[in-house]
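Dear colleague,

Here is the structure that I promised to pass on to you. Please look through it first, and then read my notes below.

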Amino acid sequence: MVIKKSNKAALSQAASLKQILKRCSSLGKKNQSNCYFNDVPKGHFPVYVGHHRSRYVIPISWLEYPQFQTLLQLAEEEFGFEHDMGLTIPCDEVVFRSLISMFR
């Protein structure tokens with residue numbers, strides 16, 4: 001029974017990641033006239049982090065990291081994923097910079 005719950009959670013997380021990828025890959029297409037997305041290269045998406053909502057343009061490939069997936073789950077719980085400007089991550093900017101330094 002524990003295995004079923006783990007599989008169920010993994011499938012749910014995979015579905016969430018697919019939804020995020022789909023949304024992120026279409027951001028530039030939907031918002032070509034929107035100045036928020038003009039500087040976002042293909043394969044990237046903007047996130048907003050910290051109290052001052054500092055903007056970071058990050059590669060979609062970072063979605064595969066469990067640490068980043070945890071941040072996405074926090075973002076979904078706190079803000080949802082319906083944003084016109086990009087994804088808001090509820091994390092201190094210093095912590096976020098430390099985390100992404102491990103991905104490079």
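Strand β1, which covers residues 44-49, is joined to β2 by six bridges, and the two run antiparallel. Within this pairing, P46 stands opposite V57 of β2. Helices (H or I, at least four residues) and strands (E, at least two) are DSSP runs numbered from the N terminus, and two strands pair if DSSP finds at least two bridges between them.

This is a predicted model, in which local features need pLDDT of at least 70 and side-chain atom pairs count only at pLDDT 80 or more, while totals for chains, interfaces and linings use all residues. Residues are numbered from 1 along each chain as its sequence is written, and side-chain values use heavy atoms, with hydrogens and water left out.

The three strands form an open sheet of mixed pairing, in the order β2-β1-β3. Its edge strands are β2 (54-59) and β3 (87-89), each of which pairs on one side only.

Helix α2 (residues 66-79) lies across β1, β2 and β3, and runs at about 105 degrees to β3. Angles run from 0 to 180 degrees between N-to-C directions, and axes are lines fitted to C-alpha atoms, for helices over the stretch in contact; contact means heavy atoms within 4.5 Å.

The helices α2 and α3 pack at an angle of about 145 degrees, with their axes 10 Å apart. Q67, F68 and L71 of α2 make this contact with F96, L99 and F103 of α3.

Best wishes
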